[in-house]
Amino acid sequence: MKREAKFWETLDGKIKCTLCPHHCILKEGARGICGVRENSGGTLYTLIYGSCTSAHPDPVEKKPLYHFYPGSTVYSMGTVGCNFRCLHCQNYTISQANPDDYPLMEIMPEEAVRKAEACSTGIAFTYNEPTIWMEYTLDTARLAKKHHLHTIFVTNGYINEKPLDAMARHLDAANIDVKSMDDRFYREVCGARVEPVLEACKRYKKKGVHIELTYLVIPSKNDSADDIAAFCRWARDELGEHQIIHFTAFYPHYQMNHLPPTSLKKLMEAYAIAKKEGLHYVYLGNVPHGDYENTYCHHCGHLLIKRHGFSAEIVGMRGHTCAKCGTEIPVVV
Ligand code: SF4
C-alpha cells in the first residue's frame, strides 16, 4: 500500500531519502535503490506499507537469536525490496522483487499484533531487509509493545542514525549481519559500505537493543583466518567479550552458485579463532554441529541451554545465572 514516507528532505527540486546510508536522490517518478520508495509529485512515498510476502510463527532460534527468550515463538513477517544487492542472497526472489509485480497480502499493524498475540510472544521483521519497511515496522512495533509483545529486527544494519533511534525505542532485539570487515567486499558483493553497518551495531547496542551478530562464511570471499580474526577483534573491542556471534555456512546460490559450500572444518576454524580472541558465546549455523549450538557457562562450562535444530531448552540456569556457579549469563529470559 502506498503511503507518505518518513525520513526525507527536498533538495534542488528533487527528494533526498535519509532512511539509509545510500541517501538516494530521486527525481519525479524515480524509486530508490531499495525499489520501494518513490518520488511522486514531490513527496516521498513508501510503496509497501502493510504489504507482506509472508507472515507466520517461527522459533526465535531461526532468526537466529540464541540469547533472547530461548525456545519462544515469534510471528515473523517480511515484504519485498532491499537496500543491498548481495550476489549470494538466499531470498532474492523477494529482496529484488518489484512491489508492482509481486502478489502481496495486506496486514495492517492492528491485525499483525492480533495474529502475533494468538500464536507467539513477539513479532519479528525478517526475510527481507526491515529497514526499508520503516513506516510499517515503526507503527507495528509501537503497537506490539503496548500489547507486551517482543519486537525483533533481522537486519543488514544499513540504516541512518535518526531512523535507527526511532526504531530502537520500540525494538527489543536484533540479529545483524556483519558480512565482512572489508569495505571492498561490501562494495563488490553487496553494493554498500561496511562502516555504517559497524556503526549501527554499536548504536543499536548503546540504545539498549539486545543484539546478536551473524557472519556468513563464504569460501574465498571472507573466510581467511585474517578476515575472521579481524571481525572477532572488532566485536570484542567494540561490543564486549559477551557479544553473541553466529558463524553460518554458505550454500551456492543466486549469482554465487559457482562457489562451493562452506565446510564444517572452516566453520570450526572460525569458532576456534573467536574463542582465541576472547569471545565467550559463539555458535555455528546452517550445519549439523552438535555441541556448537548449545550454550555453556563462560565461567565454569556448565550446560545452560540445550539446542537441537530450532528447538531450545533451558536446562542449567537459575533466572539469569548459571545454576552451578552463579555467574551472571547474558541471556534475556
Ligand atoms: S531506503 Fe531506499 S530510497 Fe532510501 S536511501 Fe536507502 S535505498 Fe535509497
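Visitor: What makes two strands count as a pair here?
Guide: Two strands pair if DSSP finds at least two bridges between them. Keep in mind that this is a predicted model.

Visitor: How do you know that strand 2 and strand 3 pair?
Guide: Four bridges join strand 2 to strand 3, residues 14-17. The cut-off is at least two bridges, so these strands count as paired. They run antiparallel, and the bridge partner of L11 is K14 in strand 3.

Visitor: What lies between strand 2 and strand 3?
Guide: A turn of two residues, which makes the two strands a hairpin. In that turn, D12 has a positive phi of about 50°.

Visitor: Why are strand 2 and strand 4 called edge strands?
Guide: The open sheet has three strands in the order 2-3-4, with antiparallel pairing. Strand 2 (8-11) and strand 4 (25-26) each pair on one side only.

Visitor: Why is K206 called exposed?
Guide: Happy to show you! K206 has 11 C-beta neighbours inside 10 Å. Exposed means 12 or fewer, so K206 counts as exposed.

Visitor: Where does K206 lie, and how far is its C-alpha atom from that of H22?
Guide: K206 lies in helix 6, residues 195-206. The C-alpha atoms of K206 and H22 are separated by 23 Å, and the two residues are 184 residues apart along the chain.

Terms used. Residues numbered from 1 in each chain as written. Predicted model: local features only at pLDDT ≥ 70, side-chain atom pairs only at ≥ 80, totals over all residues. Buried ≥ 20, exposed ≤ 12 C-beta atoms within 10 Å, placed from the backbone.
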